[in-house]
Structure formats: structure tokens, C-alpha cells
Amino acid sequence: MNPWKENYAPEDLEIVLCPVCGDKHKTHITIEFSLSVVKCQACGLLYVNPRPRDSEKNYWAPTRADMEKKYGAIFEGRKAHDRDSLYRSHLDTLARYQPTGNFLDVGTHCGFFLRHTRGRGWDAEGVEPSPVLGELAREKFGLKVKTGALESAAFPVESFEVITLLDVIEHLHDVRAMLKEIQRIIKPNGVFFIKTPNGTYNYFKHVIFHNLLRRHNYDCFDAREHVAAYTVPTLTRLLNETGWQVIASMPSAPVQTYGSHPVKIVGRNILYTVARAQHALTGQPGPFATDIILLAKKSSPLL
Ligand SMILES: [Zn+2]
């Protein structure tokens, strides 16, 4: 069953304060599937408000049959995953900062990313809230994956040299709790790797499609799935306030899904080339980066 709705009733929704700064003042940006995307007047965060209650739990209960059908060929090694090269590039980036040690991937899904840590210098494991996905990661790829929320895994303090959070933070309802828990379990010299869609790019797309092309039904923010569209400045502020210091930010290569129209594939590659050029010149990923990567170290023990 598709858990995502075309229209949300008031009882499906909850009104929230800005997840980054806690302010309530906001400017309306657009509507997607009856959901309001707003911009915080205090810190500039783009977020959904009111937002669907518990939307992150939509990912936690897929059936095993659905996952076998969707990913069977990948599990059996007959087909590559369309993100394989992207995942390897993320690990190449990480290896430049922290090539060895204990490695934890948070929200590890079926382990499609985590499996690429094999043969490198880390001792890797994952944590995944969905029992079905965690079981598939263990069974199909022989990975070490704990089922449950990160907090319930109760890792000892300062356990990991590397912690990764890929395409997860934009779904989190209680993002501060997650960042503080990761801060607790990472080692003092550890590297935290976050990859998320770029809110600056989402907003750029919105301006092009809604304001210039008048395509008002074009979904630019994935508002049903993503509760916030982080940018480098808003994510940096959130990290600073939860005990982190950003050591690098960069554009991520785009997600190129199999079966995408060739024009889209070429378009994303052009955007990535422009984003890398802008990053080289300014040090910022800019609006042409479809996704951003931030690397952080912990700044101080949290009280
Ligand atoms: Zn704010």
C-alpha cells in the first residue's frame, strides 16, 4: 500500500516550530499535496508546517515480499544498484578524512551503501529501524546490522571513528535528539558524514518551475517525505547547536536512477559540473548542487 496521500486532513497533521531555531514566524513558499512548505523568518530553514505526523514511520514497515520483488536482482548479484558509484564516491571522500576505525551507518536500509565498506579499512556496522530491512541486510549481504532506533541500540559512549547519515536527516522529526546521540557515541577524533538533498537547489527549482514556467503542480520539495530541506547554512547552524563543528561541505554527485530520461541524466551531470566549479571557486556548493555533503567533528562534550 502506498502510504503517501494526495491530500492530508487536519488530523493527519501537526503544527511545529522551526526544527533548527525553534522560531514560529514563517513565510509561505508553496503547497505540495496539500502540505505547506514554509521558510523560517529567523534562520531561513525551508520546512513543512503543518507536517504529516510520523511520516518517517512510513519507511519502517515494508513487506519482505515487496522488498524481494524490488531488489531481488540486486540481492542475487545479477544487477548493480543505481547508487553503487555514488556510494563508492562517498566512501572515497570519507577515506580522505578517516580511513580506519569503527564505522556506523545510521538508517542503513538493506545495506546497499554499507556493503561497499568491505575491503576498506573500517570495521563497519549499521542500525536500521525497520525489522524487514535490517533482516535483509544481515541475510543477503552478511552485514552486521542492529534493528531498532539509534537510541535503543544503546551504543557505548565514544564507540565510532566514522558515523554516516545518508538521505536520512531530511526525514527526521526529532533531528536534535539524533544529532546529540550521534555526538555521544562518536569518538573525539571521529568524522560524521551527512548527505542530504540541497534546500538551495529545491528552492531554485521552485523558482524556475513555479514562478517562471508556471508549473504549479511540479513537486520541488518532496514535502510528503521530507520534513525539512536543509542548506549548508541551516545545517551548519543545527550542527553547531548540537555539539558539532563542520570541517567540510561539498556538492554530492546526483542520484541517477535507472530508467531516467536521458535528458534528465545529462541535465543532472551538467548541474553537478557547474556545482563543482562553483564549489572550487567559492567553497560553497551553491544552488546547482542537487545534494550536499557535510563532514563534521564534535566540538565539545555535551552536558
Ligand atoms: Zn528557524
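Is alanine 154 buried or exposed? I looked this up in the model, which is a predicted one. Alanine 154 is exposed, because its relative accessible area is 52% and the exposed class begins over 50%.

**Entry 1: backbone**

I stayed with alanine 154 and placed it in the loop between α4 (150–153) and β9 (160–166). I read its phi as near 50 degrees, a positive value in a residue other than glycine. I noted this because most residues other than glycine have a negative phi.

I found another positive phi at serine 34, near 70 degrees. Serine 34 sits in the loop between β2 (26–32) and β3 (35–40). I put serine 34 down as partly exposed, because its relative accessibility is 30%.

I then checked peptide bonds. The one from asparagine 49 to proline 50 is cis, and its omega is near -5 degrees. I located proline 50 in the loop between β4 and β5 (51–52).

**Entry 2: salt bridges**

I counted 20 salt bridges in the structure, and I wrote up some of them.

I looked at glutamate 139 and arginine 64, whose side chains form a salt bridge at 2.5 Å, N to O. The glutamate belongs to helix α3 (residues 131–141) and the arginine to helix α1 (residues 64–75), so this pair ties together parts 75 residues apart in sequence. I classed glutamate 139 as partly exposed, because its relative accessibility is 46%. Arginine 64 is also partly exposed, at 25%.

Next I took aspartate 84 and arginine 115, which meet in a salt bridge at 3.1 Å, N to O. This pair links distant parts of the chain, 31 residues apart: aspartate 84 is in helix α2 (residues 84–97), and arginine 115 is in the loop between β6 (101–106) and β7 (122–128). Are these two partners buried or exposed? Aspartate 84 is buried, because its relative accessible area is 9% and the buried class lies under 20%. Arginine 115 counts as buried too, at 18% relative accessibility.

I also checked glutamate 241 and arginine 176, where the salt bridge is 2.6 Å, N to O. Glutamate 241 lies in helix α7 (residues 232–241) and arginine 176 in helix α5 (residues 175–185), so parts 65 residues apart in sequence are tied together. I have glutamate 241 as partly exposed, with a relative accessible area of 36%. Arginine 176 is partly exposed as well, at 25% relative accessibility.

I then followed shared partners. Salt bridges of this kind join Arg64, Glu68, Glu135, Glu139 and Lys140 into one network.

**Entry 3: cavity**

How many cavities of 30 Å³ or more are there? I found one. The space in the largest cavity is about 40 Å³.

I listed the residues that line the largest cavity: Val37, Leu46, Tyr47, Val48, Phe221, Ala223, His226, Val227, Ala228 and Ala229. By type I sorted this lining into nine nonpolar residues, one polar and no charged. I noted that β4 (46–48) and β11 (228–229) each supply at least two of the lining residues. The most comes from β4, with three residues.

**Entry 4: surface patch**

I placed valine 274 in helix α8 (residues 262–282). I recorded valine 274 as partly exposed, because its relative accessibility is 37%.

Notes
Residues numbered from 1 in each chain as written. Predicted model: local features only at pLDDT ≥ 70, side-chain atom pairs only at ≥ 80, totals over all residues. Heavy atoms only, no water. 1 Å grid on protein atoms, 1.4 Å probe; cavity = no way out; pocket = protein on both sides within 12 Å on 5 of 7 lines; lining within 4 Å. Points joined across faces, edges and corners; volume = space filled by probe spheres on them. Helix = DSSP H or I, 4+ residues; strand = E, 2+ residues; numbered from the N terminus. Nonpolar A, V, L, I, M, F, W, Y, C, P; charged D, E, K, R; others polar. Buried < 20%, exposed > 50% of the residue type's maximum accessible area, 1.4 Å probe, protein only. Salt bridge = Lys/Arg side-chain N within 4 Å of Asp/Glu carboxyl O.
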